[in-house]
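I opened the model and kept notes on what I looked up. They follow in the order I took them.

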Amino acid sequence: MATLKDIKLKIVGVKKTQQITKAMNMVAASKLRGAQSRMEGFRPYAGKFAEVLESLAEKAGEETNPLLEAREEVKKVHLVLCTSDRGLCGGFNTNLIARARQFIKAKNEQHIDVSVTNFGKKGRDWCRKQGLEFQSEYLGVVGGSFGFNIASTAGQALIEGFLNKTYDEVHIVYAEFVSMARQTPVLSQMLPIMPIASTEAESEQEEKPYLAEHICEPSAPELLGDLLPRNVYVQLYSALLETSTSEHAARMAAMNNATTACKDIIGNLTLVYNKARQAAITAELMDIVGGAEALKG
Amino acid sequence: MAEKIKLEVVTPEKYVVDEEVEIVVAPGVIGEFGVLIGHTPFLTTLKTGTVRYTDANGKERFVFVSGGFAEALPDKVTVLAESAERRRDIDVARAKDAQQRAQERLAQEKAEDIDFLRAQIALERAISRLNLAGTK
């Protein structure tokens, strides 16, 4: 019976798929560990940085910096879209792109143009398909092992564009790593930088009195001018780390599901296979018995 | 010296130094400065160069830093840098490569190019690393 062989082949095929998904799951798991430890390694830096910036922003007070000034008329905004380079990670990229699309649609309705900087191939491909204007792309960053210099190079380009008024606002869409099972797309504003003093000011209460007395070299506004761009890099770097970690977590979950699905399919197919085999044997037996009966008669 | 001051050198990747030390000397943009316990709160950006400190056993140690700034508090010094390595961790071969690349680029580019500036900074970094690695 030909179908018997067909089923057998199908089982073999699904088994091979299962092997692949299992391997991808394990690769994602080990990459996830690396990404997570990098995220943790970055936390002290980010924390300290925010602390210093906060105290400095207080001291500099009303001294304005071009990076803090909101433009009165916003004609053009820039979006940094972080996605993964590779697929097979469930709804990860779809969710990020949906968030970006929503943002772009809202801006277009207000007659504001949107241009895009892409981290990751999936977002780039989408932009290309939509005919969106994208300025620069960084491939092979998300999900890999990238250094802080990528964030600072890209951040520099963004700041330049903002300062020479190519665009009036910069936003970023990235995947926040909430937990192993949850990665949410997040949209936040990068430039102009939101007022800093309001963030977590409460927790530092007891340190405040003497933080305010910092001697600054060079002067506080100058120092702020030096640190604010770095704040952008820090933000970008942490967004990239989050996205990478999320990508691996999403892929791990997707591959886990796929492996389970393979197992189910193999179970079902084996059942069908056994039934078919049984039926074939029964049919053969009937044949033999029938033949024997005929000879006797 | 009985009292120690805490020194932390942090990069985006990891903690490079987290120790109780006697004195820290760091290259500020305006000039090199030293910090002992009880320093006035002080904040400055750093030049590419070397942070020196004397550890708990009285041994002098060196850390390369670039693209950073430092905050001094009465009981603590925090150095945040884009890159930082202890002297023994400096990759001499890599720094030499970087130096050569930067020099080649400087020979080609025009002086007003951004790439030129970048190469200059890279060269400065490489030389600073090599200098530090060379002193024993």
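I began with the domains of chain B. Chain B splits into domain 1 (5-88) and domain 2 (90-134); the bounds come from an automatic or database domain assignment. I took the centres over C-alpha atoms and got 24 Å between domain 1 of chain B and domain 2 of chain B. Eight residues of domain 1 of chain B and seven residues of domain 2 of chain B make the contact (two residues are in contact if their C-beta atoms, placed from the backbone, lie within 7 Å).

Which strands supply the side of domain 1 of chain B that touches domain 2 of chain B? I found β5 (49-55) and β6 (60-73) of chain B, each giving at least two residues. Strands are DSSP runs of E, at least two residues long, and helices are runs of H or I, at least four, numbered from the N terminus. β6(B) gives the largest share of that side, three residues. I sorted the residues of that side of domain 1 of chain B into two nonpolar, four polar and two charged. Here Ala, Val, Leu, Ile, Met, Phe, Trp, Tyr, Cys and Pro count as nonpolar, Asp, Glu, Lys and Arg as charged, and the others, Gly among them, as polar.

A note on the source: this is a predicted model, so I kept to its limits, with local features needing pLDDT of at least 70, side-chain atom pairs counting only at pLDDT 80 or more, and totals for chains, interfaces and linings using all residues. Residues are numbered from 1 along each chain as its sequence is written, while chains are lettered from A and ligands numbered from 1 in the order in which they are written.

Next, chain A. I counted six helices and six strands. They run α-β-α-β-α-β-α-β-β-α-β-α from the N terminus.

I then traced the sheet. Five strands of chain A form an open, mixed sheet in the order β3-β2-β1-β4-β5. Strands pair if DSSP finds at least two bridges between them. β3 (133-138) and β5 (182-191) of chain A are at the edges with a single partner strand each, so one side of each has no neighbour in the sheet.

How many bridges join β4 (residues 169-179) of chain A to β5(A)? I found nine, and the two strands run antiparallel. V173(A) sits opposite L187(A) in β5(A).

Last, I looked at the C-alpha trace of chain A, which spans about 115 × 45 × 30 Å along its principal axes.
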